[in-house]
Amino acid sequence: MAKFNGFGGGGGMNMQAMMRQAQKMQEQMAKAQEELKETEITGSAGGGMVNITLTGGREVVSVEIDPEAIDPDDVEMLEDLVAAAIGDALTKVAEKEKELMPYGAAGML
């Protein structure tokens, strides 16, 4: 029996092992994605004056603003705090993705 590039003879076993490994990776990724979607992560700004909670799927769960952060004469400051809290939450979600998602697949969500 001729062998081509090392894929003859017992090569089928290697292919089966690779397929099992790929299926295992898919299952692990699906489990990690589900866990991530159920995880809630809070970002904050202004020393906790503004808190934004997101799911790992980047859906907003809650927004909390300390009344002391509300200054009608300085709306821009509150806007900046909200933007910073969202940025903090998104950064934490990305970190959690890296932690949970196997094989560097975090960006695939």
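User: In this predicted model, does Glu 97 count as buried or exposed?

Analyst: Let's go by the cut-off: buried means under 20% relative accessible area. Glu 97 has 5% relative accessibility, so Glu 97 counts as buried.

User: Which residue's side chain meets that of Glu 97 in a salt bridge?

Analyst: Glu 97 sits in helix α2, and its partner is in the loop between β2 and β3 (60–65), so we're looking at a pair that links distant parts of the chain, 39 residues apart. The side chains meet at 2.9 Å, N to O, and the partner is Arg 58.

User: Where do Lys 92 and Asp 88 lie?

Analyst: Their side chains meet in a salt bridge at 3.4 Å, N to O. Lys 92 is partly exposed at 32%, and Asp 88 is partly exposed at 23%. They're four residues apart, about one turn, and both lie in helix α2.

User: Which element gives the largest share of the largest nonpolar core?

Analyst: That core has 11 residues, including Ile 41, Val 50 and Leu 78. Elements giving two or more residues to it are β1 (40–45), β2 (50–55) and α2 (75–100). The largest share, five residues, comes from α2.

How values were computed
Residues numbered from 1 in each chain as written. Predicted model: local features only at pLDDT ≥ 70, side-chain atom pairs only at ≥ 80, totals over all residues. Heavy atoms only, no water. Core = buried A, V, L, I, M, F, W, Y, C linked by side-chain atoms within 4.5 Å. Buried < 20%, exposed > 50% of the residue type's maximum accessible area, 1.4 Å probe, protein only. Salt bridge = Lys/Arg side-chain N within 4 Å of Asp/Glu carboxyl O.
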